[in-house]
Amino acid sequence: MILSVPLPLVGREFGLGPSGILLLSAAYGLSFSSLLLLGGRLADRHGGRRMLRVGLVLLAVASVAGALAPTFAVLLVTRFAQGVGAALAAPAAVAVVRSLFPRSADYGRAMATWGGLSALGATGGSLLSGVVTAWVSWRWMFAVPVLVALAGLARSGRLLPAAEPAPGAPPALDLRGAALATAGVSAVSYGLVGSGEHTWGEPVVLLPLVLGAVLLLAFAAAERRTADPLLPPGFLADRRRAAALVAVMATAAGTALVFLILPLYLQQVRGWGVLATSAAFLPYAAVLLAAGRLAGPLIARHGPAAVTAGGLAVAAGGLALLAGVGPATPFATGLLPGLLLLPAGAGPAFAGSAVLATGGVRPGRAGLAAGVLNTAMELGPTAGVAALMALAATRPTAVGGYAAAFAAAAAGLALTAAAVTLLARSRPARPPFTHTEEYSA
């Protein structure tokens, strides 16, 4: 998200076309999402605190390189490297949270907070990027992850427990599964990114999609034959967890779409500056913060499934309002209502999904659960936004494409909300934050 607002400026500096801008936007998420399963497994094997430090170091080094990047190719590589560092750090951080809150009730509340903060962090990065770009340069945005990484490294030894792996033999590292999953997710995502500028039948789109699908099928088959797989097949058998992951993907895609499209619309269509564009998201951030604070009590009272479904429905309404965007849509009456309604639903949806996706996981699988959750959260923006932007490209005008993408995203969230609601009704209600069973892994 640190490059979302200044993307048009970066594109002009390096002479990028639409596909180059989309690839730069997706690069971080592509490497992040494709390596999260491996990052989670490494956290379970080597300990959360240790892998958190490794990930933070890589993130800091890549960010410094990004700030100094002389060409688009170098900048793109640094964005991929940032994603690798984050893929090691994110599941490790959740593994540390699991060791800090061993009781299921406390862990559930912590994950509800984590789900809301993850969305707020992305929003804060987008807001800050506009301010920094307007006052200094977009390159200074890379100082933010450097400072965060340095602060985490300085405080981790004093504040965080060692979070060593669970007693017993450490889980084996499924390198074959990691290679297949990484290559498969990367190929599919690359094909979807290319669909923004090419038709679905062109080799640059079709071949990566087919290759990625084949690799992912091979990954699924290999996991069934591996003694200690990267992603145990039974881990996703629970319908509540599967529904939560779909909800995360849909919500992440919808929110990421807004942060990709609106800066382009406000700057390229309406002629706004980067500072004004960043300020336009301040109400969004305020509502998201308030919704995140309310999510925990709501989940404790109504359960994570109900809060997730309700949040998805509200967020779908916000995207539906944004689907009315036109060449001269006023901000206060045309865009602002959608920018207020979307975060009011996205915050609870993220929080409820985080609780559903990680509930009932024993400590030795905390990294795996976090890796799966973060994979879903990143696949939404990477694959979902690429598909929605491909839909937008079929419209005769850019603004018409933006409206079509928002409408499609709203429909996706509404359908997901209905699915989660049916799931919640089809199973006996559980007391919130008391998941004590351990899923087979």
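Buried means under 20% relative accessible area, exposed means over 50%, and partly exposed covers what lies in between (1.4 Å probe, protein chains only). That sorts out Tyr284, which at 2% relative accessibility counts as buried.

A word on the source before the views: this is a predicted model, where local features need pLDDT of at least 70, side-chain atom pairs count only at pLDDT 80 or more, and totals for chains, interfaces and linings use all residues. Residues are numbered from 1 along each chain as its sequence is written, and side-chain values use heavy atoms, with hydrogens and water left out.

**View 1. The whole protein, with 15 helices and zero strands.** Helices (H or I, at least four residues) and strands (E, at least two) are DSSP runs, numbered from the N terminus. Of the 441 residues in the protein, 54% are buried. Take the contacts, meaning heavy atoms within 4.5 Å, between residues at least 6 apart in sequence: 83% of them join residues at least 24 apart.

**View 2. Helix α11 packs against helix α12.** Two packed helices are described by the angle between their axes and the distance between the axes. Here α11 (residues 282-302) and α12 (residues 304-322) meet at about 125°, and their axes are 7 Å apart. The axes are lines fitted to C-alpha atoms, for helices over the stretch in contact, and angles run from 0 to 180 degrees between N-to-C directions. The two helices are therefore oblique to each other: under 35 degrees counts as roughly parallel, over 145 as roughly antiparallel, 65 to 115 as roughly perpendicular, and the rest as oblique. On the α11 side, look for Leu298, Ile299 and His302; on the α12 side, Pro304, Ala306 and Val307. That contact divides into five nonpolar residues, one polar and no charged. For the bookkeeping, Ala, Val, Leu, Ile, Met, Phe, Trp, Tyr, Cys and Pro count as nonpolar, Asp, Glu, Lys and Arg as charged, and the others, Gly among them, as polar.

**View 3. Aromatic pairs, with seven found in a search of the whole structure.** Rings of Phe, Tyr and Trp (its six-membered ring) pair if their centres lie within 6.5 Å; planes under 30 degrees apart count as stacked, over 60 as edge-to-face and the rest as tilted. Phe259 and Tyr284 sit edge-to-face, 5.2 Å centre to centre with 90° between the planes. This pair links distant parts of the chain, as Phe259 is in α9 (residues 239-269) and Tyr284 in α11, 25 residues apart. Phe259 is buried, at a relative accessible area of 2%. Trp272 and Phe331 make a tilted pair, at 5.7 Å centre to centre and 50° between the planes. Trp272 lies in the loop between α9 and α10 (274-279) and Phe331 in α13 (residues 331-358), so this pair ties together parts 59 residues apart in sequence. Trp272 is partly exposed, at 26% relative accessibility. Elsewhere, ring pairs join Phe14, Trp138 and Phe142 into a cluster.

**View 4. The largest nonpolar core, with 58 residues.** A nonpolar core is a set of buried Ala, Val, Leu, Ile, Met, Phe, Trp, Tyr and Cys residues joined through side-chain atoms within 4.5 Å. Among the residues that touch the most other members are Leu75, Leu257, Leu319 and Phe406. Helix α9 gives the most to this core, with 13 residues. Leaving aside neighbours within four places in sequence, Leu257 is in contact with Val385, Leu388, Met389, Ala405, Phe406 and Ala409.

View 5. Val372 lies in α14 (residues 366-392) and is buried, with a relative accessible area of 8%. Not counting residues up to four places away in sequence, Val372 touches Leu37, Leu231, Phe235, Leu236 and Leu245.

**View 6. Thr251 in helix α9.** Thr251 is buried, with a relative accessible area of 2%. Its contacts, not counting residues up to four places away in sequence, are Leu312, Ala346, Ala349, Phe350 and Leu413.

**View 7. Leu209 in helix α8 (residues 203-225).** Leu209 is buried, with a relative accessible area of 19%. Besides Val188, Leu209 is in contact with Ala187, Gly191, Leu192 and Trp200, leaving aside neighbours within four places in sequence.
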